[in-house]
Every structure is written in structure tokens, then in C-alpha cells.
Amino acid sequence: MVREVMESVVNQTIYWGAVRLQHHNFVMAVTDVGLGYLQFQKGDARDGVDVEAWQEFTQWARKIGQPNGWIQQKDRLKAYMQQLDEYLSGERTNFELPLDLRGTEFQQSVWRALHEIVHGETVSYTQVAQTLDRSSAVRAVGTAIGANPVLIVVPCHRVVGKDGALTGYRGGLGNKEKLLQLERQGK
């Protein structure tokens, strides 16, 4: 069961690291509450964080903590890394870890709806909007999905275009396609 928390506490300590799992490279960050950030990066995590990933991470991190409160500490990430590795290996279909998701009430509702999408299946942006009884807010739903700070765990990769085409994904369309293939194989 994934627990979502919307904290108003600012200046929390953020424990982060560049992580390489199953040939995928990520930037991952947790707070004392739970996983708050997971993003693909193009560069090899064994070499640290690439510039683009660093800029995106720091933009997120500044919203919840001061730079002196960011601690590079992979030990704090281990439980999250283990579950992500199990998912990428096809051994896990859902995550059982606490989350620290920061966003507006609307974003939170969209991210909760994403958790309802069954592993190995896809839905359209329109279907997500309909689930929320906000049929006229498809673009706003798409924007909220794009703001998801925890890729994979909050499965925004399972949302596709109305015609089934792969559309926008902050982690890159190639990664979205790989994640969907991984889930289809395991289903």
C-alpha cells in the first residue's frame, strides 16, 4: 500500500543520490516522510548526476528544502532502491513504501487516480479526467500528470493518448515504452 503525504513543512532534510538499477539511471530523493522524487537521467549514475537531471532535481528540491538541507546519502535510499529494482526486474507489480508527494489538491487527486491504473494496462488522459468527474479538464489533468515528481511509483507512464499512442513523458518516450513492455511481459 502506498501512503501519500502532503506536508506543509518546508526546509526538511532531503536525502538524495544518483542511482543505477537494471541499466537505468535515476536521481532519487527521500525525506523523513517518504519518497519524494524519482526521475530518469540520461547520464550514467555511476558518474553522478548529469546537468539536466541536476537542474530538474534542484528545482523540485528548492520547493521543499534549503540547499544546506540536501544530503547525498544513498543509505537512506536503499529500501526504495530495492523495490524499484524488483519492479525493473519484473518481480514487483506494486510498491509498498511511503511517499512524500507535494502538490496542489488537484495534482494530488490526479496522482491518486494514477495509482488506480492496473499494472500492465493503460488509460487515456481523457479517461483519467473522467475518473475525477472533470471531463472538461483533460489539459489540466495532463499538466498534473507531467508534474508528477515520482515517476514509475506513481505510474504516469500508464497514461497514453486517446488513440493509444505514446505521448509525453518526462522520463522520455523510450523509457515509457520500455516500462509498458516490462509490465505487459509480466502480466
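Contact here means heavy atoms within 4.5 Å. Helices (H or I, at least four residues) and strands (E, at least two) are DSSP runs, numbered from the N terminus.

This is a predicted model: local features need pLDDT of at least 70, side-chain atom pairs count only at pLDDT 80 or more, and totals for chains, interfaces and linings use all residues. Residues are numbered from 1 along each chain as its sequence is written, and side-chain values use heavy atoms, with hydrogens and water left out.

**Stop 1: helix H1**

Select residues 51-64. This is helix H1, with 14 residues. The expected span of a helix is 1.5 Å times one less than its number of residues. For H1 that should give 20 Å, and the end C-alpha atoms are 20 Å apart, which agrees.

Now color by burial. Buried means under 20% relative accessible area, exposed over 50%, partly exposed in between (1.4 Å probe, protein chains only). Which residues of H1 are buried? They are Ala53, Phe57, Thr58, Trp60, Ala61 and Ile64. Look down the axis of H1: the buried residues fall within an arc of 165°, so they line one face of the helix. The arc is that of the directions from the helix axis to the C-beta atoms. On the other side of H1, Val51, Gln55, Gln59, Arg62 and Lys63 are exposed.

Next, show what covers the buried residues of H1. The cover includes strands E1 (14-21), E2 (24-30), E3 (35-40) and E4 (70-72).

Zoom to the start of H1. A side-chain oxygen of aspartate 50 comes within 3.3 Å of the backbone nitrogen of glutamate 52. A polar contact is a pair of N or O atoms within 3.5 Å; within protein, one must be able to donate a hydrogen and the other to accept it, and residues adjacent in sequence count only if both atoms are side-chain atoms.

**Stop 2: salt bridges**

A salt bridge is a side-chain nitrogen of Lys or Arg within 4 Å of a carboxyl oxygen of Asp or Glu. The whole structure holds eight salt bridges.

Select aspartate 32 and arginine 76. They form a salt bridge, with the closest N and O atoms 2.7 Å apart. Aspartate 32 lies in the loop between E2 and E3, and arginine 76 in the loop between E4 and helix H2 (78-88), so the pair ties together parts that are 44 residues apart in sequence. Aspartate 32 is exposed, at 56% relative accessible area. Arginine 76 is partly exposed, at 34%.

Move to glutamate 183 and arginine 158. Their side chains meet in a salt bridge (2.8 Å, N to O). Glutamate 183 sits in helix H6 (residues 173-186), and arginine 158 in the loop between helix H5 (138-146) and strand E6 (159-160), 25 residues apart. Glutamate 183 is buried, at 0% relative accessibility. Arginine 158 is buried, at 6% relative accessible area.

Stay on H6 and pick glutamine 185. Is it buried or exposed? Glutamine 185 is exposed, at 67% relative accessible area.

**Stop 3: the cores**

A nonpolar core is a set of buried Ala, Val, Leu, Ile, Met, Phe, Trp, Tyr and Cys residues joined through side-chain atoms within 4.5 Å. The largest has 42 residues, of which Met28, Leu35, Leu84, Leu114 and Ile152 touch the most other members. E1, E2, E3, H2, helix H3 (105-115), helix H4 (125-131), H5 and H6 each supply at least two residues of this core.

Center on leucine 35. Beyond its neighbours within four places in sequence, its contacts include Met28, Tyr80, Leu97 and Val153.

Finish at another core, which lies apart from the largest one. It has eleven residues, among them Trp16, Val27, Ala53 and Ile64.
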